[in-house]
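Trainee: I've got a protein model open and I'd like to learn how to read it. Can we go through it together?

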Amino acid sequence: MTTSANLAPSHIYPQAWKIFKRRPWLSIGMWIVYVLFSGQGGGNGGGQSDSESAIGPEEWIWIRAILLVVLAYVLVVMVVAGPIRGGYDMAVLRLFHGDETVSFRDMFAGFSKFGTLFLTFLLYTLAIIAGFILLVVPGIIVLLALWPAFLLVMEDDLGPVEALKAAWGLTRGYKWKIFVLSLVGFAVLIIGVLALGVGLFVAGPVNEVAKITAYYELRQAARGSDSLLSS
């Protein structure tokens, strides 16, 4: 007999919704900071060099100033994304377990393991980039496989490489189910955007709680399998 994680959306999302409803404002506040500084969002743009002649010197001063601010923001995100993600995920996991002592400052707990989480984020990002260079599909597989690494650093005090290896092992055999769960999460976000945009502040946090619920299911299945193997 083997222990299997239940990652069905019909199981995960009702739990996530119940947890969100217990502390909605805290969940929304932490999620906003998480999105801004965890490297989970972003955009790109461009322009034509021959358009410079059509823009006056003052306008170019402002454009360059804005570009410098954007560059500074990107650099800050690269530095703090790992600790923010580790602290946020751990705070949400505590909410999942019914810990009513969780406060907004708990999402910064990852800074106590700054070096480890920074290196974890760096290796995680490089792995994803390398995967997408290899015809996209490997990048998607890496995304589906390695996301628990930050929580494994927080919970099990693993090093960066150990955490990534453990995350790969934890999600082994579940990547398709995680992919389906991700598609449902994307649909939830679309619904949130369509709800005058305001629904995004509910859909986003609920999706993150769903991710942590999936993590819990994976950990429980792994512990069950370990106990069966040792018996």
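Trainee: How many helices and strands are there in the protein chain?
Mentor: Keep in mind that this is a predicted model. From the N terminus on, the elements run α-α-α-α-α-α-α-α-α. Counting them up gives 9 helices and 0 strands.

Trainee: How do α1 and α8 lie relative to each other: parallel, perpendicular or oblique?
Mentor: Two packed helices are described by the angle between their axes and the distance between the axes. Helix α1 covers residues 9-22 and helix α8 covers residues 175-194, and their axes are 10 Å apart at an angle of about 50 degrees. Roughly parallel needs an angle under 35 degrees, and roughly perpendicular needs 65 to 115. The two helices, α1 and α8, are therefore oblique.

Trainee: Which residues of α8 make that contact with α1?
Mentor: On the α1 side, look for Pro-9, Ile-12 and Tyr-13. By class, the residues of this contact are 7 nonpolar, 1 polar and no charged. The partners in α8 are Val-180, Leu-181, Val-184, Gly-185 and Val-188.

Trainee: What about α5 and α8, are they roughly parallel or roughly perpendicular?
Mentor: Helix α5 spans residues 137-146, and its axis is 10 Å from that of α8. The angle here is about 95 degrees. Angles from 65 to 115 fall in one class, so α5 and α8 are roughly perpendicular.

Trainee: How many charged residues does the contact of α5 with α8 have?
Mentor: Ile-141, Leu-144 and Ala-145 in α5 meet Lys-175, Ile-178, Phe-179 and Ser-182 in α8. The contact has 5 nonpolar and 1 polar residues, and the number of charged ones is 1.

Trainee: Why is α6 described as largely enclosed by the rest of the structure?
Mentor: Check how its residues, 149-156, are covered. The buried ones are Ala-149, Phe-150, Leu-151, Leu-152, Val-153 and Met-154.

Trainee: Which residue just after α6 takes a positive phi?
Mentor: Step past the end of that helix and check the backbone angle there. The phi is about 55 degrees, and the residue is Asp-157.

Trainee: Is Gly-82 buried or exposed, and which residues does Gly-82 touch?
Mentor: Find Gly-82 in helix α3, residues 57-96. Gly-82 has a relative accessible area of 0%, so Gly-82 is buried. Leaving out residues up to four places away in sequence, Gly-82 touches Leu-117, Phe-121 and Phe-150.

Trainee: How far apart in space are Ile-128 and Gly-139, C-alpha to C-alpha?
Mentor: Ile-128 lies in helix α4, residues 114-133, and is buried with a relative accessible area of 13%. Ile-128 touches Gly-139, Val-142 and Leu-143, again not counting residues up to four places away in sequence. Ile-128 and Gly-139 are 11 residues apart in sequence, and their separation in space is 5.0 Å.

Methods: Residues numbered from 1 in each chain as written. Predicted model: local features only at pLDDT ≥ 70, side-chain atom pairs only at ≥ 80, totals over all residues. Heavy atoms only, no water. Axes fitted to C-alpha atoms, helices over the stretch in contact; angles between N-to-C directions. Helix = DSSP H or I, 4+ residues; strand = E, 2+ residues; numbered from the N terminus. Parallel < 35°, antiparallel > 145°, perpendicular 65-115°, else oblique. Contact = heavy atoms within 4.5 Å. Nonpolar A, V, L, I, M, F, W, Y, C, P; charged D, E, K, R; others polar. Buried < 20%, exposed > 50% of the residue type's maximum accessible area, 1.4 Å probe, protein only.
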